[in-house]
Amino acid sequence: MKYHLVVLGCQMNMSDSERVKSVIESMGFTHTDNEDEASLLGVLSCSVRQKPIDKVYNRIHVWNRQKNKRNIITFVSGCVLPDDREKFLKLFDFVFPMSELGEFPQMLREYGVASPLSLSQDRESTHNVEDVLSEVETKSKKQSLLNPLTKYSASKPVLPNNKDIFQLWNVKPQYQSEFEAYVPIQNGCDKFCSFCAVPYTRGREVSRPSAEIIDEVVQLMKNGYKSITLLGQNVNSYGLDRDEELSFAELLTEIGKAGDSLQNPSWVYFTSPHPRDMSRDVIEAIAKYPVLAKQIHLPLQSGDDKVLIKMNRKHNLDRYRESVADIRELIPQATLFTDIIVGFTGETEEQFMNTLQCFDEFQYNMAYIAMYSPRPGAQSYRWEDDIPQATKKDRLKRLSEKLEEISAAYNHRLLGKELQVLIRSTERKTGFLSGHTEGKLVTRIKSKDQSLIGKFVKVKITESADLSIAGELVTVLKDKRIPVSAD
Amino acid sequence: MSETYYHNMHKVLQVQHLTEHTFVVQFERKEMPFIPGQHLVVGKKGDKEFRQYSIYSGLNDPHFEILVREVETGLVTPKLKQLKPGDELEINGPMGYFTVSEQRCLNHPIVMIATGTGIAPFNSWVKSFPDMNYKMIHGVRKAEEAYGIDRYKKDRFVLCTSQEKSGNFNGRVTDYLQKAYFPSNTLFYLCGNSEMIFDAMELLKDKGLNTNQMFAEVYF
């Protein structure tokens with residue numbers, strides 16, 4: 001029996017999908033990319049934008065039409081707003097929050113679904129389920145003796161409850177890559193930015209136990225993973241919800257020490273941080289330990305204090321400026337990435353110009369720039385979206401051009417340098433491989449050798465473009481690091 | 001914060017109407033820990049709409065209170081206004097970092113600046129820490145909107161009324177700030193609408209104060 005999983009949205013859903021696959025495959029299902037041959041069909045939804053939600057409705061209507069012709073079971077999990085969840089309950093066979101993933105096999109059994117392993121008497125295979133769910137709280141398994149379809153009846157809380165999120169983290173993930181991995185360290189958000197619905201879909205901030213995180217990261221390092229990304233909606237709020245837990249800086253320090261003891265085999269990143277919690281001790285830890293990658297993603301969203309207040313960002317430009325100054329002082333070689341929203345409700349030309357000026361001031365290497373669109377469930381959804389689309393497009397274009405100008409100048413300064421690059425894939429253009437530097441600068445090399453994918457190589461930079469660099473392969477590295485000097 | 005708390009159903013104890021459109025909802029606390037200044041996400045049981053409200057009650061109160069201004073066309077506040085004792089609310093929280101530490105209280109003069117129901121978190125502070133060295137500047141249109149005025153020491157409280165001359169100061173909070181003097185080590189806590197917060201911060205910056213001395217909680 002086969003299953004097909006549609007994963008929408010952010011890296012967090014990608015990471016969650018690795019655990020979903022583990023649980024489903026522990027029941028004996030095998031994955032297929034062809035949904036027509038799957039008997040178990042699922043979606044990890046994203047409610048942050050309307051487009052993914054439209055995709056969910058599109059898929060379930062197709063699947064439900066197929067139910068007349070063949071036996072299929074459908075489920076949805078991930079980021080779901082209360083309003084959508086109510087509608088999904090009528091469309092999907094199973095609707096459950098990610099925190100209840102560990103109970104999914106039992107839900108299926110109670111629903112009368114015969115999984116491949118329940119049809120088999122293979123005791124070793126049966127142990128497989130227990131292995132995957134070994135750490136999952138058995139108490140909650142017992143509590144799941146409910147009809148799964150009644151899980152979100154009106155008498156149940158509507159908002160997401162993160163109480164059981166620890167179960168999800170205890171599921172052993174099935175990593176989708178042999179050299180890159182996501183490690184969830186935190187879930188939920190307490191910040192309530194006015195443009196974002198995540199607090200209503202993911203619930204409040206909960207930190208994963210540090211011992212588990214460190215163990216998972218160390219195992220990944222030992223298993224040869226080159227790029228490890230610590231994930232969370234507010235990754236540097238880590239530990240704030242628990243007195244007894246490490247702070248984010250302390251967690252990074254422990255990972256840094258582990259990296260030292262293993263001779264720094266990997267680059268460890270984290271995303272997404274919030275400027276409010278980007279303390280100097282976090283930056284000091286990154287500076288101190290080689291295993292912590294010298295790339296920092298610091299979402300600005302707007303370069304205007306008045307817009308930041310309206311966005312309820314809980315940081316202002318002065319605070320942000322201090323963090324960038326700390327980064328430039330302590331990690332001068334670090335690359336800096338950001339997120340920007342243009343055309344937020346009421347954004348004036350002058351306010352936009354303040355954002356544009358921030359690009360000159362902070363010299364970003366990369367910016368993920370989005371035109372504002374109201375997101376259902378967010379505070380700003382109730383406000384008039386009063387900036388014309390043409391104005392948003394114009395601001396997006398001007399800001400993108402500014403980014404390219406700054407990035408191109410930075411990239412040009414790399415010409416002639418030898419940099420360490422992680423090769424990730426083949427380039428669309430025949431004969432090229434693509435990867436990135438420690439600072440996540442996209443790098444192309446002339447090579448057809450696909451065996452280099454997943455390896456660190458030394459590259460001499462020979463070309464620079466607006467948002468990427470290219471070079472010649474110098475040597476393949478045996479997991480040894482070389483200093484990265486950008487300037 | 002000591003321990004994460006997860007949402008639950010809490011019974012309404014009473015609804016106290018302060019003005020035609022403003023009221024206090026008092027509901028079970030169930031021994032839920034919080035730090036004064038934090039907020040809750042509140043909705044009527046079974047409803048899909050939720051809003052955030054600062055905790056209005058004090059640390060030692062056995063119940064929770066939130067201060068609500070009705071938005072007549074809103075999806076939540078008209079329902080909250082109709083609540084009766086025994087009705088249930090779905091509560092998520094507490095959360096938020098608009099809090100003040102004992103060390104800050106001891107080492108710095110504290111100025112709280114609020115408009116309208118933005119006084120709620122400060123009410124919780126003052127009730128919880130009665131010995132706090134503070135000055136409260138509350139901006140309202142009319143004196144009837146000076147919610148909980150009796151809870152504040154008169155020499156520490158400035159009521160700014162913009163639509164009648166019944167307060168200590170006739171005008172907006174920002175008009176008052178323009179004329180006022182503050183020691184350079186003062187910490188400013190602002191709570192209210194985004195326009196007031198921005199204007200007040202700009203005024204304080206013009207007086208030579210640093211934005212690192214300013215902390216804000218925006219009400220929408």
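## Helix 15 of chain A

Helices (H or I, at least four residues) and strands (E, at least two) are DSSP runs, numbered from the N terminus.

Quite a few of its residues are buried, including A:Lys392, A:Arg395, A:Lys402, A:Leu403, A:Ile406 and A:Tyr410. Buried means under 20% relative accessible area, with a 1.4 Å probe and protein chains only. The cover over these buried residues includes helix 14 (349–362) plus strands 12 (335–342), 13 (366–371), 17 (456–464) and 18 (468–476), again in chain A.

## What kind of model this is

This is a predicted model: local features need pLDDT of at least 70 and side-chain atom pairs pLDDT 80 or more, while totals for chains, interfaces and linings use all residues. Residues are numbered from 1 along each chain as its sequence is written, chains are lettered from A and ligands numbered from 1 in the order written, and side-chain values use heavy atoms, leaving out hydrogens and water.

After the helix comes A:Gln263, with a positive phi near 60°.

Over in helix 1 (residues 11–26) of chain A sits A:Arg19, which counts as buried because its relative accessibility is 0%. Leaving aside residues up to four places away in sequence, A:Arg19 touches A:Glu216 and A:Arg208, among others such as A:Trp169 and A:Pro184. Contact means heavy atoms within 4.5 Å.

## Chain B as a whole

Chain B has 5 helices and 12 strands. Its radius of gyration is 17 Å, close to the 17 Å that the globule rule gives for 220 residues, so chain B is as compact as a globular protein of that length. The radius is taken over C-alpha atoms, and the rule is 2.2 Å times the number of residues to the power 0.38.

Of those 220 residues, 55% count as buried. Among chain B contacts between residues at least 6 apart in sequence, 63% join residues at least 24 apart.

Notes
Buried means under 20% relative accessible area, exposed over 50%, partly exposed in between (1.4 Å probe, protein chains only).
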